[in-house]
Amino acid sequence: MNQDKIQGFLQELPLMREDLPFSPEVLKQLFVQTGNGSLASMEDVGETLSKDQGLTARILKLANSAYYGLQAEVQSVSRAAAVLGMAEIRNIVLALGVTGLTRRYPMPEDFDLGRYWAHQFLVAMVAKELSHMIDVGKPENLFTSGLLHDFGKLVTALKRPDDWSAIRELAESEEMIDSEAEEEYWGLDHAVIGALVLRSWDLPAALVEPVNWHHSPDLSPEYSNESNVISLADSVVHAVDDPDGKYGERVDELCQAVDVDMDDLMEIAEELVDSDDVEQFVNILS
């Protein structure tokens, strides 16, 4: 086990707050304004985001993309928030933050960023559907957690590319899922790594904890139900992608735990995989 490597890595993670392509204070204020009980208006959110003109331009570019299919072009962030909703603006800003990291650090040649985003989006969509189906958590929050659930994999690939490659080789040679290989390699999985960075970005616990515990939801001290949703959504998407893989059994167990019909859920996931939404979402971030 590579204890020395992981200790040095963990000390670096909170410093990634400074790697955001916009001010961390803007992100912090955005989450205050879009959080539970906030009385902030669309105009307040627009004013916060307009402090960074580059961010404003990128938000409007995404809001007016084919993915959202708006009938009329929006020309201000406050209007985009009114049309798309506060939660969607928040997701756009987070996606821009993550993609900003991929431009700051060199990406390993064999890391497929398009495949990464496709998986994040599908898990987010399935988690949102699950939230409605079993009445757990807030659908928009679980979508966001789903969108960020494997962020730790991306962080590892960007900051520790040699270790990321070694973990991938271990997973393939020993027929392990990624989190098992990570635990074997340096005693920590990508869920914890991603959550540490997201906490440094001042994201609320309702979003970060399901990310942190999605490979061990039963151990989550406060958000075990939400962590179960992300774990199940992740497993379902993997099972659709690889029906004969190790995730099928996990899907069955988790479906029983949250009392949802496995066949219904698999059908939903298969329909999402085949939709045009996935490709459009990946395209706007490429």
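**Salt bridges in the predicted model**

Modeller: Arg199 and Glu209 join their side chains in a salt bridge, with 2.8 Å from N to O; the term denotes a side-chain nitrogen of Lys or Arg within 4 Å of a carboxyl oxygen of Asp or Glu. This pair links distant parts of the chain, Arg199 lying in helix α12 (residues 190–200) and Glu209 in helix α13 (residues 205–212), 10 residues apart. Helices are DSSP runs of H or I with at least four residues, numbered from the N terminus. Glu209 is buried at a relative accessible area of 12%, whereas Arg199, at 37%, counts as partly exposed. Here buried means under 20% relative accessible area, exposed over 50%, and partly exposed in between (1.4 Å probe, protein chains only).

The model is predicted: local features need pLDDT of at least 70 and side-chain atom pairs count only at pLDDT 80 or more, while totals for chains, interfaces and linings use all residues. Residues are numbered from 1 along each chain as its sequence is written, and side-chain values use heavy atoms, with hydrogens and water left out.

Glu12 forms a salt bridge with Lys159 at 3.5 Å, N to O. That pair connects helix α1 (residues 3–12), which holds Glu12, with helix α9 (residues 151–159), which holds Lys159, across 147 residues. Glu12 is partly exposed at 25% relative accessibility, and Lys159 is buried at 18%. Glu12 also forms a salt bridge with Arg160, the closest N and O atoms being 2.7 Å apart. Arg160 lies in the loop between α9 and α10 (161–173), 148 residues from Glu12.

In total, the structure holds 14 salt bridges.

Note on methods: Helix = DSSP H or I, 4+ residues; strand = E, 2+ residues; numbered from the N terminus.
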